Amino acid sequence: MNKPVKGYLAAVLVVASISGGAFWALRTPSSTPPATTTASSNDSPDWIIAGGGGTPDQNQISIEDDILLAQRTFPGEGVTLFAGGPATQGVQVSAARKQDPLFQKLGDLFLPANRDTKFQAVRVVSAKSATRKNILEYLSQAAQAENGDLLFYFAGHGDMGPTPSDNIVSTWGNDVISVRDVASTLDTTQQRPVKFAMTSCFSGGFADFIFVDGESEKGLATQLRCGVFASPWDLEAGGCDPDPVRGNHEGFGIHFLNALSGVDRDGNKIAVDINTDGAVSLLEAYTQARIASKSLDVPTSTSERFLRYKLDGSAPANAELLELPEEERVIAELLKSVKMNSVEEVADEYALLRLQYSELQDKAEISAAEETTIYREVAGQIFSKWPALSDPWHPDFRDTLDKSRDEILGFLEHDPSYKNYLIISQRNIEAANAAAEIQVQSAPLERIIRAHETMRLAAQLKANDPESWKIFEGIRACEAEPIR
């Protein structure tokens, strides 16, 4: 969950970042696709794996672990583009650190970040860094091949735009790739079916790559594209964890990738092959991830997106349900997991949780405004007394800390505004944690509701729009095609 940038570094240095802790400018998504160029001698890979954070502090080890798992899982040959590239540092790992108490207090005040971390060398063997340019060039080149399907897997961070086509993922150097970028690239180069699997926040926006230029108003693209995503276009996802213990990681990626091999996250064999054809598809692995994930993920797919595009996301509550084995399994298994007996019971509980979440959000807005007001008061007092602290690269910064250390610490210890700031800040942190817990509790309920709605919408589409039903079947078949 991204925390808004706060403090003098953002204002004075004009630092822009998805995470709030980077020192590169955030790029505005482009509406113009990159020129098609030859990216590699391996111009027809079976898969492309891309990801990592846009900056080292957003390149958590859980992302690297997922990418390593993807490399071991996908069949055939492929290309990996990871973070800063081969033989680089920049993977964030939790580690208890001894910090200068004054530095820690000033850092927590002016630029809050997780500083109980270290950075280590990358373990992923990759072709190049995961920059915007490299990812789009490799995707463009690989999509032009005419043999077999192309699987594109992305693990990293994303952000939400005003519409699904404006959603982005972060790329190395704190650049971005938008839904429009991907769709426009494929519109001009794609010669073979392309399948996506993405684990980032708001990744469901990329389901709109089934449309021309990624914009639903322009209609469906002529090429076959499908994919599965960790979350809808307007919801966050889990899975970004600097904890070095793999067993503590949670999120769509770890369950999805293991399911492709027919095992759970602990390596135990599980029944993933729903249609018993002896292989596992994106759709089947995605189904298992929806069942197994304990995070706030509410995964979605291109076939789900197409249904809601054609039917505006609604169908009569008492409408007939179409038998879709994957959705039926999600409902049956998650009902057992949440210890409820019906979709109606789930809907009632979900409504209560969303009401609690909404109330927390309303309070949080008021409290955040109060925190900002007090923060400005505290910052103003500090900078009026020790102006060099407004710029940690100023020649007088270190000298100010050395000569005025006791005085600065005394101010932070006794100033009533600063004490009040700490109280409100801690209260807001606790409220955010409570809201996150509600999101985790809500997630399996929402997955049940969405699966049930998908069955209702599919029945309605099949009965009333045969032409669109054929398109839905084609997208669903793309998702259901084995990759092994």
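Trainee: What makes I135, L136, F152, F154, V169, I177, V182, F196, M198 and F206 the lining of the second largest cavity?

Mentor: Each has an atom within 4 Å of a cavity point, so each counts as lining. The elements giving two or more residues to this lining are α4 (132–143), β5 (150–155) and β9 (194–198). The model is predicted: local features need pLDDT of at least 70, side-chain atom pairs count only at pLDDT 80 or more, and totals for chains, interfaces and linings use all residues. Numbering starts from 1 along each chain as its sequence is written, and side-chain values use heavy atoms, leaving out hydrogens and water.

Trainee: Why is it called a cavity?

Mentor: Because on a 1 Å grid over the protein atoms alone, it is a set of points where a 1.4 Å probe fits but cannot get out. Its volume is about 60 Å³, where volume means the space filled by probe spheres set on the points, and points are joined across faces, edges and corners.

Trainee: How does the lining of the largest cavity divide?

Mentor: Into four nonpolar, seven polar and one charged. The largest cavity has a volume of about 80 Å³, and its lining includes S62, D66, G238 and C240. Helix α2 gives the most to this lining, three residues.

Trainee: What makes a set of residues a nonpolar core?

Mentor: The members are buried (under 20% relative accessible area, 1.4 Å probe, protein chains only). They are Ala, Val, Leu, Ile, Met, Phe, Trp, Tyr or Cys, joined through side-chain atoms within 4.5 Å. The largest such core has 61 residues, and I135, F152, V182, L186, F196 and I448 have the most contacts inside it. Its largest share, 10 residues, comes from α12.

Trainee: Which residues does L186 touch?

Mentor: L139, A143, V194, F196, F209, Q223 and R225, leaving aside residues up to four places away in sequence. Contact means heavy atoms within 4.5 Å.

Methods. Buried means under 20% relative accessible area, exposed over 50%, partly exposed in between (1.4 Å probe, protein chains only). Helices (H or I, at least four residues) and strands (E, at least two) are DSSP runs, numbered from the N terminus. On a 1 Å grid over the protein atoms alone, a cavity is a set of points where a 1.4 Å probe fits but cannot get out, and a pocket is an open set with protein on both sides within 12 Å along at least five of seven lines; lining residues have an atom within 4 Å of a point. Ala, Val, Leu, Ile, Met, Phe, Trp, Tyr, Cys and Pro count as nonpolar, Asp, Glu, Lys and Arg as charged, and the others, Gly among them, as polar.
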